[in-house]
Amino acid sequence: MNPTSTSSKLTTTMSLDEYGTLQVNAPNESVPVTINDIGVFQAMSLMIQCMQTPCPPQHYRTGCEELLSAGNCTRCPLCPANKYRSHCNGASKGICLNVTTCGRGKVEVQGPTPTSDRVCAIPPCSVNEFEPLPITTSTSRQCTILSECNMTEFEAHAPTATTDRHCTGMTICNVIEFEAHAPTPTTNRLCADVTTCTAAEFEVYAPTATTDRQCMPCSTTTNSVLNCADVSSRAAITSNNICEVARVYNCCCDEFSSLTRVNGDVNVHSNETMLHFGKIWEVDGNIKGRGSSSSNRRPLQVVDFGQVTRVGGNVELRMNQITRVEFGALARVDGWLRLQFNDLTSIDFGAITHIGDHLYLYNNALTSIDFGAITHIGGRLRLFGNDLNSINFGAVTHIGSFVRVHNNPSLNSIDCRNLGSCLCRSSYTTPINCPSRCTFLGATCA
């Protein structure tokens, strides 16, 4: 056989099916096939090379079945409505498939194109929701609204895709604290204890809700005088950091409350309505605040001894309009205690144990007296002119002079417990364990 036989003798053919697969049609079995006669393998190689030559997107290569042809890039044909063309690439024009319809509980996350299907998915929770339980084969995604922290809460734990926001109530600073750090939406308020100035310190700046008290060492000067009615006198106390003065006139003022000790007298201004001793822990002299007469009383209404533990002289607050006395830490009055001609309806002596001289409470509106811890009254006890219905001397073991309880219309009896040198009472008050009548006081003593 001539090795250079022409291709007219060739009965073998090649073609591409609809999927771009090469189909080789063999010649009649009676006709022998040789490479030299047909060159089929060389043709196949060229066809494969043609088919593997890439085309632009949405194109496929045609004409590769023609011998020695490089083929052409042909645009993928469009499919009918609601269909898309799949696998249009290489040497295949692909096929038309139905566009997917999103099922129940799913949404379209990517729309179909002429060459791609619709993409469906279960929608994610929104930014204001979280997913408490995972999706299962029998349940869809369940989203829950995130909790919102209110004005009195902060976000202790931030939300995640599967957990809720955790809110916690903000700390509230108490009366002895200040706000060291303000809260934020994600942090708590930080409270700190307010600094307490010592007896050797002076309060420069009072605490506020958001600032601490500022203290400075006191001056050692003790012979200064504070006059609350004198601007320059008050300024000298502050500018010189004075905590201890010899005496006080025309009380009260802020500079008085910032002191820690008064070595002499405290004189209350005639127009003062409240007497508050602030940081003072000792008054070594007298406390004076008295009206001129029972018909011309001063407007003083409230007395608060605060931290005062001792008064070295007398407390004389008679002929005012006092309705309340807070004895606080006061334990000792070395002189007398006179509160007559006020508007007191009750009184509690609290921690006081010692009154060095007289205790005068007459001509108020007292209905009850609590002698508290008092054990010693060095002089007279005058309780007349009130509306007491009983008197319990509590812990009192000594009254140094007479006791006067007359003119208490509701007082039917009194148990004196053998206290006092003599008793002055009204005839309707029955004495029990009482001393004899005070004859030197005349007809008022039955």
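This is a predicted model: local features need pLDDT of at least 70, side-chain atom pairs count only at pLDDT 80 or more; totals for chains, interfaces and linings use all residues.
Start with the core. The largest nonpolar core has 62 residues. Those with the most contacts inside it include Phe256, Leu275, Phe305, Phe327 and Phe349. Strands E19 (247–251) and E21 each supply at least two residues of this core. In soluble globular proteins, nonpolar side chains tend to be buried together.

Take phenylalanine 305 as an example. Setting aside neighbours within four places in sequence, phenylalanine 305 contacts Phe277, Ile287, Val311, Val315, Val325, Glu326, Phe327 and Leu330.

Now the rings. There are 10 aromatic pairs. Phenylalanine 327 and phenylalanine 349 count as stacked, because their ring centres are 5.3 Å apart and their planes are at 25°, under the 30 degree limit. Phenylalanine 327 is in the loop between strands E28 (324–326) and E29 (332–333), and phenylalanine 349 in the loop between E31 (346–348) and E32 (354–355), so the pair ties together parts 22 residues apart in sequence. Phenylalanine 327 is buried, at 3% relative accessible area, and phenylalanine 349 is buried at 0%. One aromatic cluster is formed by Phe256, Phe277, Phe305, Phe327, Phe349, Phe371 and Phe393.

Last, the charges. Arginine 338 has its charged end over the ring of tryptophan 336, 5.4 Å from the ring centre. Glutamate 272 sits in the loop between strands E21 (266–268) and E22 (274–276).

Technical notes: Residues are numbered from 1 along each chain as its sequence is written. Side-chain values use heavy atoms; hydrogens and water are left out. Helices (H or I, at least four residues) and strands (E, at least two) are DSSP runs, numbered from the N terminus. A nonpolar core is a set of buried Ala, Val, Leu, Ile, Met, Phe, Trp, Tyr and Cys residues joined through side-chain atoms within 4.5 Å. Buried means under 20% relative accessible area, exposed over 50%, partly exposed in between (1.4 Å probe, protein chains only). Contact means heavy atoms within 4.5 Å. Rings of Phe, Tyr and Trp (its six-membered ring) pair if their centres lie within 6.5 Å; planes under 30 degrees apart count as stacked, over 60 as edge-to-face and the rest as tilted. A charge sits over a ring if NZ of Lys or CZ of Arg is within 6 Å of the ring centre and within 35 degrees of the ring normal.
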